[in-house]
Every structure is written in C-alpha cells, then in structure tokens.
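Thanks for making time, everyone. Let me put one chain up and walk through how it is built.

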Amino acid sequence: QVRLVESGGGLVQPGGSLRLSCAASGSIQSVSAMSWYRQAPGKQRDLVATISSSGRTNYADSLKGRFTISRDNAKTTVYLQMNNLKPEDTAVYFCKVVVQMLLSTTWTDYWGQGTQVTVSS
C-alpha cells in the first residue's frame with residue numbers, strides 16, 4: 001500500500017505565498033509522474049501542474065509564472081510553491097502520484113487526502 005501525506009495548506013492573504021508538500025511512502029518500487037490538482041467548492045477537480053520522473057513540468061496555462069512544481073532527489077516528495085496567491089486560488093489541493101509497487105509490473109494512481117488553501121483578507 002502507498003501512503004500520501006500532504007501538508008502546507010492554510011489561510012493566506014492575497015499576494016501571499018504557500019508551499020505545499022506531498023510525501024509518498026510504502027512498498028514503492030518506482031514513482032512516475034507526480035501532480036497537483038485543485039477543487040473549488042461546487043467545481044470539478046482541475047489539474048494544476050505535473051512533473052515527470054525526469055523533471056519535465058507542465059502547468060495549467062492560467063497558473064504559469066505563479067506556481068512552481070518540484071520533487072526531491074529521492075523522487076518521492078512533490079512540492080507546489082504558490083506565489084502571488086489570489087482569492088480564486090482558494091480550493092482543496094490534492095496530490096496524485098503514479099506508483100509502481102514492489103514486485104509489480106503495473107502503475108497505479110494514488111491520491112492524497114487534500115489540503116485546504118484559503119486566500120482571503
């Protein structure tokens with residue numbers, strides 16, 4: 001089994017910054033793409049950013065320049081640096097990790113529990 005632990009959410013004023021973390025642990029053989037999604041109340045869950053195992057990144061067009069995704073050298077923790085936050089960034093942020101378990105040849109998506117980000121004065 002894989003466990004994802006998210007942290008770093010909270011309340012921040014407009015223009016402020018937050019850094020989210022998502023650490024994967026368990027019987028992991030390899031980690032492929034790691035992503036952040038967000039879901040605002042009453043809306044669908046949308047992709048924020050993705051980083052591949054080689055470090056290639058992809059962002060939602062509306063977030064380029066303000067958000068930065070990265071991962072650690074062990075490639076089991078993904079981060080999301082969010083700058084110049086706006087009220088419309090308020091949402092629950094979820095990480096998703098594509099994992100190959102030990103002794104397995106298949107890849108499986110795992111989701112974090114979500115962390116609330118609220119941007120308000």
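Start with contacts, meaning heavy atoms within 4.5 Å. Take those with a separation of 6 or more: residues 24 or more positions apart account for 56% of them.

A word on the source. This is a predicted model, where local features need pLDDT of at least 70 and side-chain atom pairs count only at pLDDT 80 or more, while totals for chains, interfaces and linings use all residues. Residues are numbered from 1 along each chain as its sequence is written, and side-chain values use heavy atoms, with hydrogens and water left out.

Next, the fold. We have eleven strands and zero helices. Both are DSSP runs numbered from the N terminus: strands are E, at least two residues, and helices H or I, at least four. The radius of gyration is 14 Å, close to the 14 Å from the globule rule for 121 residues, so the chain is as compact as a globular protein of that length. That radius is taken over C-alpha atoms, and the rule is 2.2 Å times the number of residues to the power 0.38. The C-alpha trace spans about 50 × 25 × 20 Å along its principal axes.

Now, which cysteines does the disulfide join? Cys22 and Cys95, S to S 2.0 Å; the cut-off for a disulfide is cysteine sulfur atoms within 2.5 Å. Cys22 sits in strand 3 (residues 18–26) and Cys95 in strand 9 (residues 91–101), 73 residues apart, so to speak linking distant parts of the chain. The S-S torsion is about 50°, so this disulfide is right-handed.

Are the two buried or exposed? Both Cys22 and Cys95 are buried, which here is under 20% relative accessible area with a 1.4 Å probe, protein chains only; exposed is over 50%, partly exposed in between.
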